[in-house]
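Here is a set of questions about how the words used for a structure follow from its numbers. Each answer sets a value against a rule.

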Amino acid sequence: MLKIRLRRMGARNRPAYRVVVSDSRSVPTSAAVEEIGHYDPLPDPPTVRIDTERVDYWVSQGAQLSPAVRKLVRQSS
């Protein structure tokens, strides 16, 4: 099953996240099927860029959203 979730990037104490589509059985840092956005929590306000068309496509293909990504998708739309 596919999952749309966050992948932590960036340096220590400077987190940045990519929104990726990946296999739910693999670790979040393994190869992703597709990268569909990013989230930077450090600036005020936080930067969120998610391609909602691709999210809709992957959800129609059976991918599940993680709770954090579901919250970010609601914020960005």
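**Reading the terms**

In this predicted model, Asp 40 stands opposite Thr 47 in S4.

Q: What makes S3 and S4 a pair of strands?
A: Two strands pair if there are at least two bridges between them. S3 and S4 have four bridges, in the antiparallel sense, so by that rule they count as paired. A hairpin of six residues joins S3 to S4.

Q: How do you know that S2 and S3 pair?
A: Five bridges join S2 to S3, and the rule asks for at least two. The two strands run antiparallel. Val 21 stands opposite Glu 34 in S3.

Q: What joins S1 to S2, and in which sense do they pair?
A: S1 and S2 are joined by 10 bridges in the antiparallel sense. Arg 8 stands opposite Tyr 17 in S2. The hairpin of S1 and S2 has two residues between the strands, and Asn 13 takes a positive phi near 65° there.

Q: Do S1 and S5 pair in the parallel or the antiparallel sense, and what makes them a pair?
A: They pair in the parallel sense, over two bridges. At least two are needed, so the pair meets the rule. The bridge partner of Ile 4 in S5 is Leu 65.

Q: Why is the pair of Tyr 17 and Tyr 39 called stacked?
A: The ring centres are 5.9 Å apart, and rings pair if their centres lie within 6.5 Å. The planes are at 25°, and planes under 30 degrees apart count as stacked. The pair is therefore stacked. Tyr 17 lies in strand S2 and Tyr 39 in strand S3, so the pair ties together parts that are 22 residues apart in sequence.

Q: Why is the pair of Tyr 57 and Trp 58 called edge-to-face?
A: The ring centres of Tyr 57 and Trp 58 are 5.2 Å apart and the planes are at 75°. Planes over 60 degrees apart count as edge-to-face, so this pair is edge-to-face. By the ring rule, the count of aromatic pairs comes to two.

Q: Are Tyr 57 and Trp 58 buried or partly exposed, and how do you know?
A: Tyr 57 has 36% relative accessibility, which lies between the 20% and 50% cut-offs, so it is partly exposed. Trp 58 has 11%, which is under 20%, so it is buried.

Q: Why is Ser 66 called buried?
A: Its relative accessibility is 10%. The limit is under 20%, so Ser 66 counts as buried. Ser 66 lies in the loop between S5 and H2. Not counting residues up to four places away in sequence, Ser 66 touches Ile 4 and Arg 5. Ser 66 and Ile 4 are 62 residues apart in sequence, and their C-alpha atoms are 6.1 Å apart in space.

Q: Why are the buried residues of H2 said to line one face of the helix?
A: The buried residues in H2 are Val 69, Leu 72 and Val 73. Seen down the helix axis, the buried residues fall within an arc of 100°, so they line one face. An α-helix has 3.6 residues a turn, so residues three or four places apart point the same way. The face of H2 turned away from the buried side carries the exposed residues Pro 67, Lys 71, Arg 74 and Gln 75. What covers the buried residues includes S1, S2, S3, S4 and S5.

Q: Which residues touch the most other members of the largest nonpolar core?
A: This core has 13 residues, and Ile 4, Val 19, Ile 36, Ile 50, Val 55 and Val 69 touch the most other members. Strands S2 and S3 and helices H1 and H2 each give two or more residues. H2 gives the most, with three. Leaving aside neighbours within four places in sequence, Val 55 is in contact with Ile 4, Ile 36, Ile 50 and Leu 65.

How values were computed
Residues numbered from 1 in each chain as written. Predicted model: local features only at pLDDT ≥ 70, side-chain atom pairs only at ≥ 80, totals over all residues. Heavy atoms only, no water. Core = buried A, V, L, I, M, F, W, Y, C linked by side-chain atoms within 4.5 Å. Buried < 20%, exposed > 50% of the residue type's maximum accessible area, 1.4 Å probe, protein only. Contact = heavy atoms within 4.5 Å. Arc of directions from axis to C-beta. Phe/Tyr/Trp six-rings, centres within 6.5 Å; stacked < 30°, edge-to-face > 60°.
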